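Reader: I'm new to looking at protein models. Could you walk me through one?

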Amino acid sequence: APEAELPPLTGPLPQLLERTASYFLDMSAMLRSFTRQTVRADCTFDELARLAAYRFGSEQTGGIVAADLLRREAVSTQVIERLEIVLLHARTEGVQRPVIGLISPEGERFTDGHFLGARGCFLMLAPASGDRGLLEVFGSISGALIEDEVLLAAVQNGDEAVAYIRVEAAILQHLKDYWNDKLSG
């Protein structure tokens with residue numbers, strides 16, 4: 001007997017499950033992309049954006065990513081002086097999945113005046129077509145950079161292993177909060 005065709009899934013739970021599956025794929029890709037890159041301490045912001053774009057993007061799309069990072073910097077600086085970090089981030093057509101990473105200067109600090117003495121850089125790239133949920137995850141990671149002294153120190157010191165663990169924790173907390181909100185509402 002031929003198998004009966006299943007009806008399409010409708011309703012809030014299937015939509016929630018599909019969105020969560022998409023979240024998990026994005027978070028998995030993001031964590032797989034996580035790595036640390038070292039750059040010259042005297043690089044300019046333009047050079048940092050281009051190095052990040054080609055290292056964390058791709059050879060084919062690096063120019064797009066660099067332009068988006070520079071456009072974002074023109075809107076508002078990504079240098080956070082009081083935290084001594086650069087939070088390099090943008091939505092871009094240059095990536096298909098979210099990307100995160102650390103960029104550390106050779107030595108203790110970036111020396112170009114634009115960086116205001118920053119000790120490290122945290123990079124976040126989101127696909128331009130990504131949904132609002134991904135931006136919320138990036139917001140949780142950004143919040144963790146401010147609230148989690150261990151994560152902040154790891155970014156400042158270029159400690160890839162510790163930063164990875166703390167970013168995982170921020171993502172996990174975000175997903176727990178997301179599920180609790182959806183299941184209680």
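This is a predicted model: local features need pLDDT of at least 70, side-chain atom pairs count only at pLDDT 80 or more; totals for chains, interfaces and linings use all residues.

Reader: What is the phi of E84?

Author: E84 isn't a glycine, yet its phi is positive, about 60°. L116, in the loop between β4 and β5, is also not a glycine and has a positive phi of about 50°.

Reader: Is E84 buried, exposed or partly exposed?

Author: Buried means under 20% relative accessible area, exposed over 50%, and partly exposed in between (1.4 Å probe, protein chains only). E84 has 24% relative accessibility, so it counts as partly exposed. L116, at 43%, is partly exposed as well. E147 in helix α4 is exposed because its relative accessibility is 69%.

Reader: Which residues of α4 are buried?

Author: G133, L134, V137, F138, I141, S142, A144 and L145. They pack against several elements, including α1 (12-33), β3 (85-92), α5 (149-157) and α6.

Reader: How do I read the angle between α4 and α6?

Author: Axes are lines fitted to C-alpha atoms, for helices over the stretch in contact, and angles run from 0 to 180 degrees between N-to-C directions. Under 35 degrees is roughly parallel, over 145 roughly antiparallel, 65 to 115 roughly perpendicular, and the rest oblique. Here α4 (residues 132-147) and α6 (residues 160-184) pack at about 130°, with axes 9 Å apart. That makes the pair oblique.

Reader: Which residues of α4 and α6 meet?

Author: Contact means heavy atoms within 4.5 Å. From α4 you have G133, E136, V137, S140, I141 and A144, meeting V167, A170, I171 and H174 of α6. By class, that contact has 6 nonpolar, 3 polar and 1 charged residues. Nonpolar covers Ala, Val, Leu, Ile, Met, Phe, Trp, Tyr, Cys and Pro; charged covers Asp, Glu, Lys and Arg; the others, Gly among them, are polar.

Reader: At what angle do α4 and α5 pack?

Author: About 90°, with their axes 6 Å apart, so α4 and α5 are roughly perpendicular.

Methods: Residues are numbered from 1 along each chain as its sequence is written. Side-chain values use heavy atoms; hydrogens and water are left out. Helices (H or I, at least four residues) and strands (E, at least two) are DSSP runs, numbered from the N terminus.
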